[in-house]
Amino acid sequence: MPAVSKGDGMRGLAVFISDIRNCKSKEAEIKRINKELANIRSKFKGDKALDGYSKKKYVCKLLFIFLLGHDIDFGHMEAVNLLSSNRYTEKQIGYLFISVLVNSNSELIRLINNAIKNDLASRNPTFMGLALHCIANVGSREMAEAFAGEIPKILVAGDTMDSVKQSAALCLLRLYRTSPDLVPMGDWTSRVVHLLNDQHLGVVTAATSLITTLAQKNPEEFKTSVSLAVSRLSRIVTSASTDLQDYTYYFVPAPWLSVKLLRLLQCYPPPEDPAVRGRLTECLETILNKAQEPPKSKKVQHSNAKNAVLFEAISLIIHHDSEPNLLVRACNQLGQFLQHRETNLRYLALESMCTLASSEFSHEAVKTHIETVINALKTERDVSVRQRAVDLLYAMCDRSNAQQIVAEMLNYLETADYSIREEIVLKVAILAEKYAVDYTWYVDTILNLIRIAGDYVSEEVWYRVIQIVINRDDVQGYAAKTVFEALQAPACHENLVKVGGYILGEFGNLIAGDPRSSPLIQFNLLHSKFHLCSVPTRALLLSTYIKFVNLFPEIKTTIQDVLRSDSQLKNADVELQQRAVEYLRLSTIASTDILATVLEEMPPFPERESSILAKLKKKKGPGTVTDLEEIKKERTADMNGTAEPATELNTPSPPEDLLGLGVAPVTKPDPPAACPGTLLVDVFLDTASPVAPLAPGSDDNFASPDLASSEVVSEEPADTVHDADELFHKFVCKNNGVLFENQLLQIGLKSEFRQNLGRMFIFYGNKTSTQFLNFTPTVICSDDLQSSLNLQTKPVDPTVDGGAQVQQVVNIECVSDFMEAPILNIQFRYGGTFQNLSVKLPITLNKFFQPTEMSSQDFFQRWKQLSNPKQEVQNIFKAKHPMDAEITKAKIIGFGSALLEEVDPNPANFVGAGIIHTKTTQIGCLLRLEPNLQAQMYRLTLRTSKEAVSQRLCDLLSEQF
């Protein structure tokens with residue numbers, strides 16, 4: 001770097017900064033800044049030409065003012081002029097100003113590009129470095145278009161200096177990440193691989209970062225990098241710290257380069273060449289051996305660098321999953337970290353061992369650490385480490401230790417953090433089901449689970465218990481006896497009442513012979529809980545009562561008296577009132593034979609994948625389910641298993657249709673219309689009974705066969721928004737369905753809105769058999785939209801297993817009216833290839849509609865009040881769909897407004913009214929839709945108090961017809 005002359009101190013800048021710091025108030029600071037801006041403006045506009053030093057000083061002042069948060073609207077040309085200076089400090093300030101203040105749409109971009117081209121062609125390494133830094137800092141598409149073809153030439157040129165090569169490699173990496181389609185692959189790709197052999201380790205480090213990113217997208221073009229990376233890694237790990245003095249960090253030779261090389265090797269399978277494979281194995285063994293050596297320094301920097309290389313090496317060993325010796329050694333090394341005093345090391349060790357537990361080579365080695373992991377669960381202070389311990393116990397569980405692990409999880413559940421209780425409940429339920437040899441143990445475990453953490457036992461858990469009990473004749477009597485005893489506790493969780501009500505309604509006759517559990521005692525026990533339960537549970541208990549009428553005719557009169565009471569027949573809840581009326585009538589007029597037929601025992605449920613497992617996959621993704629091979633081996637011993645072949649059991653949803661769309665329903669025997677069985681619908685099924693309604697409060701299948709999309713996302717990462725306008729507009733009048741689908745990914749939505757608040761569940765389904773890595777969905781709002789819409793998203797797990805599904809929750813608050821839709825951007829790695837796609841999220845203004853009923857007089861009175869031309873928007877358009885009156889009514893109601901009957905003098909017209917709720921205001925809206933069947937045209941008129949709202953609603957609704 002050229003020496004800085006004495007005059008470059010810029011005393012004027014130092015004085016100005018000192019003045020700003022000495023200001024006693026914000027007003028004084030603004031006054032001083034305005035004075036300086038006026039002075040700089042006069043200097044730039046003056047007749048006297050400024051020298052380079054003065055320009056640099058004033059441009060520096062402008063830059064400092066901008067960094068203080070003030071807008072700068074002049075001085076850009078002077079900064080561009082500094083680029084043509086031959087003095088380093090002046091050129092540096094010019095590039096700095098441009099990198100910070102000049103945007104890609106500036107009119108000066110052509111002048112800037114010309115100056116950068118001149119510096120790149122100058123062969124002056126200092127000036128070339130400044131130019132490359134500027135390109136990387138700006139990183140715009142325009143920069144990529146101008147220089148993406150030129151930078152590779154500089155990178156592989158033989159006469160380019162090492163420092164420039166480093167800058168060129170990182171600059172090209174930046175351009176590739178922002179505009180990969182503009183970086184051409186060519187002859188330079190094979191030559192850049194050979195930079196891994198460069199003598200300068202700085203060049204190798206920068207080149208490795210570039211090659212790793214390129215190899216993820218184009219693995220075939222860079223597969224020759226594997227042998228070179230192994231060779232370079234071998235030289236590093238076998239060298240003494242004194243051999244690489246400039247790149248040794250606290251006695252660890254080139255740790256950053258080692259980590260990058262190990263990460264590059266994870267883009268490829270194990271090397272096929274025996275010599276390369278043997279050399280890589282030696283490297284990994286050397287790294288594991290060095291981890292056992294006494295530390296050469298007590299400083300934390302030494303251990304951090306050493307462990308960074310070790311953990312990346314273990315990640316590579318796990319990735320290859322082909323060397324049993326290395327996998328066991330890695331497991332033993334991680335086992336030593338489980339009791340390390342550093343919390344971060346304990347966390348990383350548990351996380352890595354979760355992955356090792358899924359390997360057939362290292363599963364047994366992981367199991368040897370079970371006592372240490374259980375102890376961590378009991379004594380660890382950090383909740384995130386305890387959560388990883390739970391994950392590891394789940395991953396290492398098999399038939400030999402299932403009862404021990406489930407017992408420890410249940411013990412921990414009583415004191416577990418609230419944030420992870422639901423996940424532990426799901427895992428206990430899955431393990432108890434999967435590894436149960438004695439079904440009585442399974443029933444005891446689940447009832448204990450409900451007792452300890454009933455609030456966190458989701459519907460899927462108790463649905464699954466009932467499915468299993470119904471499908472297993474040998475456990476039905478024990479289940480009935482156990483739930484009867486559990487219900488005698490003074491305080492029972494509502495989920496226990498649900499399970500007890502259902503099981504006693506089906507199998508209460510199996511324990512009725514015992515005087516302690518006679519029919520009347522069973523009924524009185526359940527009815528004593530009735531008044532404490534929510535409406536859905538009361539509905540289930542009423543269904544149990546009518547079942548008792550069939551099972552126990554001797555208590556028929558008692559049950560009829562309960563059904564006939566005012567609290568039932570005149571219940572404020574329509575569902576409860578209807579059930580009471582219908583059940584009472586059924587018990588009164590139906591003969592014994594008819595009752596026995598209608599209320600017969602529920603048939604066995606069809607075998608399918610556990611809904612609890614499906615929920616856990618959606619919730620967590622990786623590390624929650626033991627490897628698929630193990631699951632296949634143990635299918636035949638699944639609790640719901642019968643003598644049928646294992647291949648027919650627990651069939652998961654086909655990968656082509658993760659959300660259950662467009663799949664022909666499988667017909668099963670019709671359950672009685674008024675029995676508790678109708679409450680058991682598995683919302684995660686790939687098949688659904690066409691006759692079983694959903695339980696109140698249960699999730700609705702978002703089945704919409706018309707939403708299947710064949711749109712294919714380009715595998716090239718890009719910032720393109722996949723509009724899928726047709727799909728987006730279909731969500732204007734509905735809340736559930738498939739938003740996007742291609743050959744890799746399916747995105748489903750389920751949302752609900754009330755006044756100005758909403759919640760959206762986004763389901764991401766991996767349609768392939770390969771994991772998605774680094775899975776990162778991000779909701780992006782423009783600056784204008786951020787002020788109108790508050791969105792809070794919960795993160796999802798970065799790994800999505802093949803065939804699995806993860807869920808993301810988005811909480812929504814409408815602050816004020818808005819016009820745009822947020823963008824959902826999803827990035828992930830699939831098979832070493834980087835994927836990037838964006839879709840519009842269907843959060844539209846009409847979602848915050850609340851329907852309003854109005855009389856004809858009130859409607860037209862309000863219509864006249866909104867007669868200002870700016871309050872009305874009208875659109876006449878051609879019908880895109882058949883003009884069916886019933887469909888039109890459904891769409892207007894789905895749009896959010898109330899459909900007002902007999903208001904318009906013309907009965908063929910449709911009239912609606914509603915109020916849009918935002919945090920700041922409420923906006924009344926009236927609409928009128930006039931169809932012309934003969935001309936196949938519509939005229940839509942909307943009137944609101946805000947012109948922009950009228951226009952937006954009109955645009956949205958016009959697309960629906």
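## Cavities

The structure, which is a predicted model, holds four cavities of 30 Å³ or more, a cavity being a set of points on a 1 Å grid over the protein atoms alone where a 1.4 Å probe fits but cannot get out. The second largest cavity has a volume of about 90 Å³, where a volume is the space filled by probe spheres set on the grid points, which are joined across faces, edges and corners.

Lining residues, defined as those with an atom within 4 Å of a point, number 13 for the second largest cavity, and Thr281, Leu284, His320, Glu323 and Leu326 lie nearest its centre. Two or more residues of this lining come from each of α15 (274-292), α16 (300-320) and α17 (324-337), with α15 giving the most, four residues. Helices are DSSP runs of H or I with at least four residues and strands are runs of E with at least two, numbered from the N terminus. By class, the lining of the second largest cavity has seven nonpolar, three polar and three charged residues; Ala, Val, Leu, Ile, Met, Phe, Trp, Tyr, Cys and Pro count as nonpolar, Asp, Glu, Lys and Arg as charged, and the others, Gly among them, as polar.

## The five-stranded sheet

Five strands form an open sheet in the order β4-β5-β6-β9-β8, with antiparallel pairing, where two strands pair if DSSP finds at least two bridges between them. Its edge strands, β4 (736-741) and β8 (789-793), each pair on one side only. Between β4 and β5 (residues 745-754), which run antiparallel, there are five bridges, and glycine 737 has leucine 749 of β5 as its bridge partner.

## Strand β10 and its partners

Strand β10 (residues 823-830) is largely enclosed by the rest of the structure, because six of its eight residues are buried, that is, under 20% relative accessible area with a 1.4 Å probe and protein chains only. Strand β7 (residues 772-780) pairs with β10 in the antiparallel sense over seven bridges, and threonine 776 stands opposite glutamine 827 of β10. Strand β11 (residues 833-840) is joined to β10 by eight bridges, also antiparallel, with leucine 824 opposite valine 839 of β11. The hairpin of β10 and β11 has two residues between the strands, and glycine 831 there takes a positive phi near 60°.

## Basis of the values

Residues are numbered from 1 along each chain as its sequence is written, and side-chain values use heavy atoms, with hydrogens and water left out. In this predicted model, local features need pLDDT of at least 70 and side-chain atom pairs count only at pLDDT 80 or more, whereas totals for chains, interfaces and linings use all residues.

Conventions: On a 1 Å grid over the protein atoms alone, a cavity is a set of points where a 1.4 Å probe fits but cannot get out, and a pocket is an open set with protein on both sides within 12 Å along at least five of seven lines; lining residues have an atom within 4 Å of a point. Buried means under 20% relative accessible area, exposed over 50%, partly exposed in between (1.4 Å probe, protein chains only).
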